[in-house]
Amino acid sequence: MTTFVITVPGTFTSAIADSERAALERKLAPQHTEVSESEGVNLLTLNEDGTFAIRLEVEAADRYEAKLDATRLVVAALRDAGIAEADAPLAPPVVTGIDSDL
């Protein structure tokens, strides 16, 4: 298995409350570990225009599975934070880092 750092971009179509942002970061925090932290990568970047980027780590056999897993995690975290999918459409995920023992 390989650890992939995946960036999932999106846009909040309406303002999110600080409590929603905090809940989202709490839900995703376990996916932001050694690789991301050692590289100084932020878990969540939120821009003034409502666009955002979530960067998290997933263990997967390949890039395709890593992107799918990351998207599932982000969708679940948004829902758990009380943010509807329609209020935070996601763009295609991108592999932004790889840590492998190969």
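This report describes the fold, the sheet, the helix packing and the nonpolar core of a predicted model.

## Basis of the model

The structure is predicted: local features need pLDDT of at least 70, side-chain atom pairs count only at pLDDT 80 or more, and totals for chains, interfaces and linings use all residues. Residues are numbered from 1 along each chain as its sequence is written, and side-chain values use heavy atoms, with hydrogens and water left out.

## Overall fold

The protein chain contains three helices and four strands; these are DSSP runs (helices H or I, at least four residues; strands E, at least two) numbered from the N terminus. Their order from the N terminus is β-α-α-β-β-α-β.

A compact globule of 102 residues would have a radius of gyration near 13 Å, and the protein chain agrees, with 13 Å. This radius is taken over C-alpha atoms, and the globule rule is 2.2 Å times the number of residues to the power 0.38. The C-alpha atoms fill a box of roughly 45 × 25 × 20 Å along the principal axes.

## The sheet

The four strands form an open antiparallel sheet in the order S2-S3-S1-S4, where pairing requires at least two DSSP bridges between two strands. Strands S2 (44-46) and S4 (94-99) are at the edges with a single partner strand each, so one side of each has no neighbour in the sheet. From one strand to the next, the twist averages 20°; axes are lines fitted to C-alpha atoms, for helices over the stretch in contact, and angles run from 0 to 180 degrees between N-to-C directions.

S2 is joined to S3 (residues 51-60) by three bridges. Thr-45 has Ala-53 in S3 as its bridge partner.

## Helix packing

Helix H1 (residues 18-28) lies across S2 and S3, at about 155° to S2. Helix H3 (residues 63-80) lies across S1 (2-11), S3 and S4, at about 125° to S3.

Ala-23, Leu-24 and Leu-28 of H1 are buried, that is, under 20% relative accessible area, with exposed meaning over 50% and partly exposed in between (1.4 Å probe, protein chains only). Their arc around the axis is only 125°, which puts them on the same side of H1; the arc is that of the directions from the helix axis to the C-beta atoms. The face turned away from this buried side carries the exposed residues Asp-18, Ser-19 and Arg-26.

## Nonpolar core

The largest nonpolar core has 24 residues, and Ile-6, Phe-12, Leu-24 and Ile-54 have the most contacts inside it. Such a core is a set of buried Ala, Val, Leu, Ile, Met, Phe, Trp, Tyr and Cys residues joined through side-chain atoms within 4.5 Å. S1, H1, S3 and H3 are the elements that give two or more residues to this core.

Leaving aside neighbours within four places in sequence, Ile-54 is in contact (heavy atoms within 4.5 Å) with residues including Ile-6, Leu-24, Leu-28 and Val-74.
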